[in-house]
Structure formats: C-alpha cells, structure tokens
Amino acid sequence: MARILVIDDHDTLREGMTVTLTRSGHAVSAVRGGADGLAAYRKAPFDLVVTDLKMDGMDGIAVTQALKALDAAAVVMVVTAFGTIETAVKAMQEGAYDFITKPFTPDVLRAKVDKGLELASTKRRVEKLEARTAAHDADAALSHGSLVGDSEPMQRLLTQARKAAQSDATVLVRGESGTGKELIARMLHQQSPRRDGPFVVVHCAALAETLLESELFGHERGSFTGAVKRKLGRFELADQGTLFLDEIGEIPHSVQTKLLRVLQEKEIQRVGGEETLKVDVRVVSATHRDLQAEVKAGRFREDLYYRLHIVPLTLPPLRERPEDIPALARHFVSKHAPRVNRRIQGLEEDALRALARHAWPGNVRELENVVEQALVFAEGEMLTPADLPAHLTGGAPRMDAGLPVPHGDRPLPEILEDLERQLIARAYEKAAGVKTETARLLGIKTSALYYKLEKYGFLPKGTPPEEG
C-alpha cells in the first residue's frame, strides 16, 4: 500500500481522484492548496504527489519546485488542462515525472500512478543502496578477519554462536576490548537465515547523543541544523538483515528509551518526522561493560538490558586462551605481509614463545598491531624476537626506552598509543632521523609524521619541516 498526496483546489476532481486511488488500495491524503500540501509532506513524506497545475496561490510548478527542494527524491505528477500542456512540460523540467491531461478516466489515472510508484520504488532502492555503501565505506577502516582459535574456551563459544545464529533472537556479545566482538556479530549474520540481507554496524561510543539518534533512526530535512536532506537511519538500512550495535553500554538514557520502543514495537520514527515506519531487523549488540552493574548504578535501563540479553555470548580474553596465540600470529602475518613486507614467510619459534609469554591486555587487537609493527622492520624471511617490541622480549631499549609496560587495568587507547610511539621510534631510528624516509617506512604523510613526532616529544613544538 502506497501513501499518496493529492493537491487540488477543485473539490469534485480532488474527491474523485481520492476515491479512485483509495479503491486501488492506496492510503490517500487530500488537501485544497499547495501550502497545505507542503505542510503535509513535511510531516511525513509521501510515495507520490498528484498536484493540479493551475491553483490559486501556489500553483503546480511552485509546488513541484518546493517539493524537490524539500526532498530531491520526491515523485510528483501534475494534472493539467489540454490547453496548458506547454506549462506541464515546464513542470517536468522542474522535476515532475509526468503529467495527466483533463479530462481523464480512472484507468488512465491508475496507470499513471502505477508508473510513478514504480519510479518511487526504484528511487528508494537506490537511496538505500547509496546509504549502505556509504555506511560500508565508513566502516572499511576497521580490521576484519577470521575467528581463529582451537582452544576449548573459543570452541565452546563458536558452538554457542552457531546455535544462536539459526534463531532470530536478540544477542548480547560480551567481552573485553579487542577480543573480536564484531567478528562474532558478523558470523551470527553470515550463518543466519538473514545472510542475504544487509549487515549494518553502529559504533555507539563514537557518536554524540544527537548524532547517535539520527544515525539509528534517520532524520528528515530541516529537523536540526545541518540536516540539509533526509537521511535513512541504520535501522532502515538493516531492514531484512542484522543491525550490530557496538558498545551498547555507552548510549545515553534518552536514546535507550527510544531503542527499547523499537525493540518492542518493531517500528521507528525519523528525527523530525511523524511517520511510523515498520522495520524487520535482528539486533546484535556488544559491550565491554558489566551491564548488570550499570543497571544497578542507574546508568542503564533494566528493561532494555533484558531485551538485549536474550542470548548472551561471552568472548574469552586472549590471556585465557594462550594456546591460540601462535595460530593468531600466523594468521596476522598472512593477512598483513602481502601489503607490508612480502619477504616474510612466518615466525620463528622463539618469536612465538615471546608472544605467548605476554599477557595481552589489549587482546587480539593488540596482538595484530604488534605483528604488523614487526613486519615493518623485519629484514629476513621470518619474524624473530629482535623484530618484536622490546617490552615483549626483554631486549635492550633504544629510543623507546622508558615507555610504560601495559597492564591489565589500563584502557586500550593508552596501550595502543604506547605501541604507536614505539613504532614511530623504531622507524625514526632506522631512517637515521630523516623525516621523509621515516614517513615512507610508516606509510603516512610527512605532515602527519611531524605532528606525531612533536606529540611524542621526539621534536620540539613548532619544528619547521626539513627542506628537500
């Protein structure tokens, strides 16, 4: 059933079109003038607008122009008398898809409307495809890979995940930062009956409250400063598929309330809109927080917690499955060596033993970063202990002396910042202090290198770029 808006100041014609289109199974709203029509469209966009060309006040051309400015995807058909066809053509130049000449039969009206609704459906599909592509591009910088591990904790988790994938139940993935929660969510989608639908990701912790609401539910044009066009939310983009809400424990209370309603009612409203839209989405969420403790502290809604916690899956930290470290390290060499250092074929046993001794507070993500860093500086065909960061091997420190060793109670950003500083220090030393060569080794712009060298104290603030 399509939503159609009829705008005509001629009562008989307006009522006749309304009856014809209603009998065809459409939901029809009818108004007498252009201003009323625009007001109705602002409240909730329609699939199709049928407007008379000659009306008092705002005529059909002005209505078409205003609708296209409001919503570039608006589909408009104008109704005109025989003697004003040239004006109807002008309306098409302004964005109308077609015109119909009075007098017309109900069959002609239905045929023209069907053509317009087919166009509207195509535009909606293109809009969703473009939005999904943009969402995919925004997430492309994330590191994705295989779920690697033969340890008993990992195999137990994978068995539970395969069973959960076959249901449509809401899943809450728990685990420390860097354990691979998004990979589990992708596995749940790929092994589910929804595998042919979209998999859409929202990183809740990365967005401010107003942006998060718009990202989840979409917004209408003009609903807030900067909303220059209508935007589909991630729930709409994930229709018939899976929506992954990463770091669900970070969302503010106001968004928690709206999210609970979506989970209960399976419907959304865009920010600034009044139309209720049905969505068919499976929700998988993830958090590194203890949500039960957050509920007790009053920071997380208890009813939302139980909605999300229907099927819990807990990822073990890497320190609880050290037997998986060699397989993971080899996997990351295979993943990154073709891009970073093609000479490298694998890891020496001494290097694997050094990796196995580390506690890995940053979990699998930290291990991947360490392997990629080692690949940058390795000279032979195998990674050796000498290629690993000094804090893993107990080797003599060089420029990176004095860096604090990561501990389990440190947040992951601090750990990764330490690793970045070590990586820059080793590249700077290998390049004998030549900035352009250091930047080349690291694969970054020289301007970005100067910022990082100043940030980590290798250069005084405001050092001018070297010439040549």
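About 60 Å³ of space lies in the largest cavity of this protein. The model is predicted, so local features need pLDDT of at least 70, side-chain atom pairs count only at pLDDT 80 or more, and totals for chains, interfaces and linings use all residues. Residues are numbered from 1 along each chain as its sequence is written, and side-chain values use heavy atoms, with hydrogens and water left out.

Start with that empty space. Rolling a probe the size of a water molecule over the atoms shows where empty space is left. Here a cavity is a set of points, on a 1 Å grid over the protein atoms alone, where a 1.4 Å probe fits but cannot get out. Grid points are joined across faces, edges and corners, and the volume is the space filled by probe spheres set on the points. A search of the whole structure finds one cavity of 30 Å³ or more. Its lining residues (those with an atom within 4 Å of a point) are Thr170, Phe235, Val262, Leu263, Lys266, Val279, Val281 and Val283.

One of these lining residues is Lys266. Lysine 266 sits in the loop between helix 10 (253-265) and strand 11 (267-268). Helices (H or I, at least four residues) and strands (E, at least two) are DSSP runs, numbered from the N terminus. The phi of lysine 266 is near 60°, a positive value in a residue other than glycine. Lysine 266 is partly exposed, with a relative accessible area of 41%. Buried means under 20% relative accessible area, exposed over 50%, and partly exposed in between (1.4 Å probe, protein chains only).

Now step back. The protein has 19 helices and 16 strands. Of its 468 residues, 48% count as buried.

Helix 1 (residues 11-23) shows how burial can follow a helix. Helix 1 has 13 residues and reaches 18 Å from its first C-alpha to its last, close to the 18 Å expected at 1.5 Å a residue. The expected span is 1.5 Å times one less than the number of residues. Leu13, Arg14, Met17, Thr18, Thr20 and Leu21 are buried in helix 1. Seen down the axis, these buried residues fall within an arc of 170°, so they line one face of helix 1. The arc is that of the directions from the helix axis to the C-beta atoms. An α-helix has 3.6 residues a turn, so residues three or four places apart point the same way. Thr12 and Arg23 are exposed on the other side of helix 1. Just after helix 1, glycine 25 takes a positive phi of about 95°.

Helix 6 (residues 152-165) comes next. Its buried residues are Pro153, Met154, Leu157, Leu158, Ala161, Ala164 and Ala165. They cover an arc of only 130° around the axis, which puts them on the same side of helix 6. What covers them includes strand 6 (171-174), helix 7 (181-190), strand 13 (282-287) and strand 14 (311-314).

Finish in the loops. A cis peptide bond joins lysine 102 and proline 103, with omega about -5°. Proline 103 is in the loop between strand 5 (98-102) and helix 5 (106-139). Tryptophan 360 lies in the loop between helix 14 (349-357) and helix 15 (363-377). Its phi is near 55°, a positive value in a residue other than glycine. Tryptophan 360 is buried, with a relative accessible area of 0%. Aspartate 56, in the loop between strand 3 (48-52) and helix 3 (60-70), counts as exposed at 70% relative accessibility.

Technical notes. 1 Å grid on protein atoms, 1.4 Å probe; cavity = no way out; pocket = protein on both sides within 12 Å on 5 of 7 lines; lining within 4 Å. Contact = heavy atoms within 4.5 Å.
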